[in-house]
Amino acid sequence: MAINYSTKAQLAKLLATEDLVVENQEVSTAQFNVETRVLTLPMWKRASNSVYDMLVGHEVGHALFTPNDWSFEDKVPQQFVNVTEDARIEKLMKRKYPGLLKSFGAGYNELAEQDFFCIEDQDIDEMNLADRANLFFKIGKHLDIIFSEKENVIINQIADAETFDDAVEAAIQLYSYCKGDQQPETQPIPMSPKSGGQGGGEKQEQQSSDNQTPEESSGSTDESGEQQSEVSEEGTNDGENVGDEVKEDKEPEVQTDSTFEQQIEDLCGNMNGTVTEYFELPDFKLDRMIVPFSEIRAKFDWAEDLYKFDEKIYGFSDSEYNKFRKSAAREVNYLVKEFECKQSADSYARASTSRTGVLDCSKLHTYKYNEDLFKKVTTLADGKNHGLVFVLDWSGSMADCMLDTIKQLFNLVWFCNKCNIPFDVYAFTNNYVKDSDEARDHIWEEGKFIIDGSFRMMNLLTSRASKKEMEKQMLSIFRMVFSFRRYCNYNYPGELYLSGTPLNEAIVSLHKIIPAFKKMHGLQKTHVFVLTDGEANAMMVARENAYGGYGGKYPIAQQSYLRNKKTGFTYQFQYEYYKFTQVLLENLKQENKDVNFIGVRLCGPRSMNDFIRRYENISDDTNKKIKKDKFYDIKDTGYTSYFAMQTSALNNQAEFEVEEGASKAKIKSAFVKNLKTKALNKKVLSKFMDLVC
């Protein structure tokens, strides 16, 4: 099973119980920067999940309990400190998280079965104490390791170490013992220097019974056990004269520690030299990105004042608006009814019934066979406080379907007004330019995504406005979008011209918009609707150049991650450009788990199936159903629900109109069309209610 590096990084962050920055990099060994609190974990591609969890727990143990103290280097080699410190931090991690006992046990079991320490052909009793101690504290339950009485003193000292100083002192004792444990060798022994009988067996017992420490011994014993005199020339101890050969004293090594480190590096597999990069979203002030409702209302007032002397100039658009508003009443009333029914059903499902303690006189005549003569009261649970945020694509490609989209949006706005649901409607654009130079500046920050200075979220409609202001604003918006594909003898504010598709920037801005919206209205349940007809390009990351300025670069697929320090999660960028938006949505959902994110992707009749196949394969039966319903709910896209909808389904006015004197066939055709439209409307609206309630 492939390793989910994002999940493992989150595991490390949770184990550390602090705001660690965890990075998975193609490096050979783990690293922890105690100043910046950045834990770098290798990408152990060949490790199983059990081994990976064990290694993560081990490295987090170092991050938590090992100080940045190297003062021991002139007293004892680092290998010996590795043995004692590994034993200490793993003991502390198991104590802090008892659940890690299973992870460490399963991980080391697997390593023991794989002969990870390369000891299959070795005689463990011939290894020095440091190697045996290292094996004992890691995979000891798989081996029969014998320690002498004196060795047990050091083993217990290692096991009892609570502080780093204790571990260093134990390492010094271990090193001193192993140094005195060295014996002249006539032949090299693989993996570790010959211990000269100090690994266990009868010679161990003999030395213990003599109460002689390695430092007190002035010589060494040969294989027959006889004492040999030590020969030193000119007062030096650089070598020993054994027959005609001169043997040098060897510095003791912990071969199992070296083998373990090498094997851990091998778990990384072939490193291709690529560098994994972690990027973050920039911080920003929300009021810099938002164009408030009052400002847009003022823009419309200024434009409409130009035509106040010609009342007929808006005649055609206004008549169409009034006709639409009248026909939309049916859909709005249907939404309200569905919402109230579902709310009532939810309340009754959570209702509680209790006795009042007051006799019910209407039941007194049943006292002989009925014990329940008291009145009861049913308490209904309060309904949840809902709120809706609409995010509308204000790009040029929406021109053909913007009028129908606005009509559907107005239906939802009227529904919210009738049910007293707070809402805000935003349109994302990169065409709204403010006069301030500061407002035009990009948001640049090293290693973070760039937000273009022209990006804005226009607050077109809001429940905070008065009823009169809302009606005036909705009429003004209808007039504007009505002119997108019709010649009208009037203009609208230039700042509201259609633009590009800064969808990704809009999703980033929701990190500030949603909390502010929830706090303002005290909401329990929030829904975010994103209506768009296309995807956006990936955002660029700010990079400082050699001249002290900033440039931009795109994240490299498979090598770049979005990191959220607040949640601790990371998200890998993929090759498909549209999956950049999916990463941003996953990140947004993780930070707002109680929010329902609903996407509506408008498609042409010919492009709808191709769009759906980006995410899942569809059968012939499903394809027929899509053609009939004109919409499809796609899963695993970053949204809670993602609806692909044909633009033709937006123009769903269910009017039954026929010419006077029409034939029966025409009347039948108009009636069938009217019924189909009503059925589609109810199906789509019911799906909407299922998501909202």
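Modeller: We'll take confidence, then a helix, then a loop residue.
Modeller: This is a predicted model, where local features need pLDDT of at least 70, side-chain atom pairs count only at pLDDT 80 or more, and totals for chains, interfaces and linings use all residues. Residues are numbered from 1 along each chain as its sequence is written, and side-chain values use heavy atoms, leaving out hydrogens and water.

Colleague: What's the mean pLDDT of the protein chain?
Modeller: The mean is 79, and 75% of residues reach 70 or more. pLDDT is the predictor's confidence in each residue, from 0 to 100.

Colleague: Where does pLDDT stay under 50?
Modeller: Over residues 182–247, for which the model has 102 contacts beyond four places in sequence. Also over residues 378–383, with 14 such contacts. Contact means heavy atoms within 4.5 Å.

Colleague: Switching to α7. Which residues are buried there?
Modeller: Among them are F164, A167, V168, A171 and L174. Buried means under 20% relative accessible area, exposed over 50%, partly exposed in between (1.4 Å probe, protein chains only).

Colleague: Now E280. Where is it?
Modeller: E280 lies in the loop between β8 (277–279) and α10 (286–289). Helices (H or I, at least four residues) and strands (E, at least two) are DSSP runs, numbered from the N terminus.

Colleague: Is E280 buried or exposed?
Modeller: E280 is buried, at 13% relative accessible area.

Colleague: Which side chain does its side chain make a polar contact with?
Modeller: The side chain of E280 pairs with that of R563, at 3.3 Å. A polar contact is a pair of N or O atoms within 3.5 Å; within protein, one must be able to donate a hydrogen and the other to accept it, and residues adjacent in sequence count only if both atoms are side-chain atoms.
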